[in-house]
Amino acid sequence: MTESPHHARQAGVAPDEPRRDDPPWRRLHPRMLVVTPLDTIVRLLPVFAIVLLTGRGDPVRVWIALGITGLLILLGAIRWLTTRYRITADRVELHKGWLNRQRTSVPRDRIRTVDLTAKLVHRIFGLSVVRVSAAAGSHAGLHQLDLDAVDTAEAEGLRRELLALPVPAPDGSAEAPAPAAPPAEELARLDPSWVRYAPLTVSSLAGIGLVLGAVWRLFDDLGVDPRDVPTVDTAADRLAEAPVWVGTAVVGVVLLVIAVVGSVLLFIERWWNYRLTREADGTLRVRRGLLTRRSLSVSGRRLRGVLVSEPLLLRAGRGAQARAVSTGLAEDTHGGALQPPAPRAEAGRVAAVVLHEDPSMIVGAPLRRHPRAALTRRLTRVLGSAVGLIAAAWLVAALLPGLAWLGPVSLALLPIALLLGLDRYRSLGHALTARYLVARQGSLHRRTVALQRTGVIGWTFRQSVFQRRAGLVTVQAVTAAGDGGYRVLDIAAADGAALADATTPDLLDPVHHTHRGVSASGGGYRTGPG
């Protein structure tokens, strides 16, 4: 997407020869000259706090940071002077750079998402960052075009304009329709009680770990020992005098409290003011954030289904999270999350209302059970792994007498593995409704996907040696959205081809129906519930 003038001319775009009807070039908002250094200063606040609390630290680092801030002000001015953009009838163009000039041109028909982000400093000055994600044509993945930053009102207008489909003009050219903003339909909003699911999400716990790691690294970089803080020093001395089990318990409780409180605070920062709306043109819009406001827009034209995710801890708390299966979602959009972790019933309701369907036809659809051979495969896998770990534990116990307890304790893996295998089999299932292919799998992370039948562009059949002996096959529905393909694991070989043929009639030919011993006969699929 970053093109030199020579490449741009090859693509039919002459960057230095604009057409007469092209709109004028625009600049980023001048207030961005203040936002960049302020954002840097805000990041330096922890450094100043540590120096003030401990009375130690290297002041040279502070002066270096202030010098970098001054340099950023200069570079920001250069960036503002050398950055310009415009939106024509068929392209979005961005020119930037002084020594290293970059000219980016994105065809509007390849735009997939337009996201708005406003950090606290941006919000104070009424600015937003506009991120345009577009398909990369013949290359894999997405290309992004960032406008950092524009006025918030202008950013909202740009979002509507870029997501709107150009309509043909009487002379045959393409022109963007005038943006209309009728009231949006609210589909969901935040329930404060959902904060109870915050400690049950791996992403929140991982986020707290990253924050603690960053704080510890900051102390280490400044050459500061946390025990230099008088309160911490006193607590550490008392803990050292206590019995080992007391110290272990106290440390465990402290870490647990930090994890719970931190995950709750992170949940509030990410999901406060959450609203899911559907606009007049069918665009789904997710707005959220306390300090940093975020807005994700998913075009209804590119929505191919919904995925309901249930990680183990969240599932144990009877919670789930609905995510969009759509083309063009960038990796930094949290997987296209349509809602925060919420009750399982609410996730099912959101999935259904987003797809204009009844819940009984989506995640609540009666699923077909998989053959008993699938149960045997799951039990064999997990029990085989457990036996291997138990054997290793007994070997370690025999070689190290101090760990003699490890062997007997490892026997607890057998019932755990048995329960895991049974649960993995119970989680298997699929259904074919009038408009959707529904498939479920997983135990540690159970995922239920409702994929539009019209969004399936191909099929992949896989059979290992063991599957062939058991008469099973894994069928994958290939799509241009989401993960690129969604599997139906360990289905009967005859049912696999029948499911594919019933989902997308006439897509498979007789040669594929008999590929690797997979027969299209049988299955009994029909385009209805169940």
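Are R86 and E93 buried or exposed? Both R86 and E93 are buried, buried meaning under 20% relative accessible area, exposed over 50% and partly exposed in between, with a 1.4 Å probe and protein chains only. The views below come from a predicted model in which local features need pLDDT of at least 70 and side-chain atom pairs count only at pLDDT 80 or more, while totals for chains, interfaces and linings use all residues. Residues are numbered from 1 along each chain as its sequence is written, and side-chain values use heavy atoms, with hydrogens and water left out.

**Figure 1. Overview of the chain.** The chain holds 16 helices and 22 strands; helices (H or I, at least four residues) and strands (E, at least two) are DSSP runs, numbered from the N terminus. Of the 530 residues, 42% are buried. Among contacts with a separation of 6 or more, 59% are between residues 24 or more positions apart, a contact being heavy atoms within 4.5 Å. The accessible surface comes to about 27,700 Å², and carbon and sulfur atoms account for 63% of this surface. Accessible areas come from the Shrake-Rupley method with a 1.4 Å probe, and for residues only the protein chains shown count as cover.

**Figure 2. The salt bridge between R86 and E93.** The closest N and O atoms of R86 and E93 are 3.0 Å apart. A salt bridge is a side-chain nitrogen of Lys or Arg within 4 Å of a carboxyl oxygen of Asp or Glu. The structure holds 23 salt bridges. Side chains of opposite charge can pair when their charged atoms come close.

**Figure 3. The salt bridge between E310 and R344.** In this pair the closest N and O atoms are 3.0 Å apart. The pair links distant parts of the chain, with E310 in strand β14 (residues 303–311) and R344 in helix α10 (residues 344–354), 34 residues apart. E310 has a relative accessible area of 4% and is therefore buried, whereas R344, at 28% relative accessibility, counts as partly exposed.

Figure 4. R368 and D495 form a salt bridge in which the closest N and O atoms are 4.0 Å apart. Because R368 lies in the loop between α10 and α11 and D495 lies in helix α15 (residues 493–503), the pair ties together parts that are 127 residues apart in sequence. R368 counts as partly exposed at 27% relative accessibility, while D495 is buried with a relative accessible area of 18%. A network of salt bridges that share partners joins E156, R159, R160, E279 and R285.

**Figure 5. Helix α11 and its cover.** The 28 residues of α11 should span 40 Å at 1.5 Å a residue, and this agrees with end C-alpha atoms that are 41 Å apart; the expected span is 1.5 Å times one less than the number of residues. The buried residues of α11 include A374, L375, R377 and R378. An α-helix has 3.6 residues a turn, so residues three or four places apart point the same way. The cover of the buried residues of α11 includes α12 (406–410), α13, α14 (465–470), β21 (472–479) and β22 (485–492).

**Figure 6. Helix α13 and its packing.** A417, G421, D423, Y425 and S427 are the buried residues of α13. These buried residues pack against α9 (312–316), α11 (372–399), β17 (429–432), β18 (436–441) and β19 (445–452).

**Figure 7. Backbone geometry at D148, A149, N273 and R318****.** Most residues other than glycine have a negative phi, and most peptide bonds are trans. D148 and A149 are joined by a cis peptide bond with omega of about 10°, and A149 lies in strand β7 (residues 142–151). N273 is not a glycine, yet its phi is positive, about 65°. This residue, N273, lies in the loop between α8 (244–271) and β11 (275–278) and is partly exposed at 38% relative accessibility. R318, also a residue other than glycine, has a positive phi near 60°. R318 lies in the loop between α9 and β15 (319–326) and is exposed, with a relative accessible area of 59%.

**Figure 8. A nonpolar surface patch.** L120, I124, W272, L290 and L291 make a nonpolar surface patch of about 450 Å². Patches are made of residues with over 30% relative accessible area and no salt bridge, like charges being joined within 9 Å and nonpolar side chains (Val, Leu, Ile, Met, Phe, Trp, Tyr) within 5 Å. L120 lies in helix α4 (residues 120–124) and is partly exposed, with a relative accessible area of 40%.
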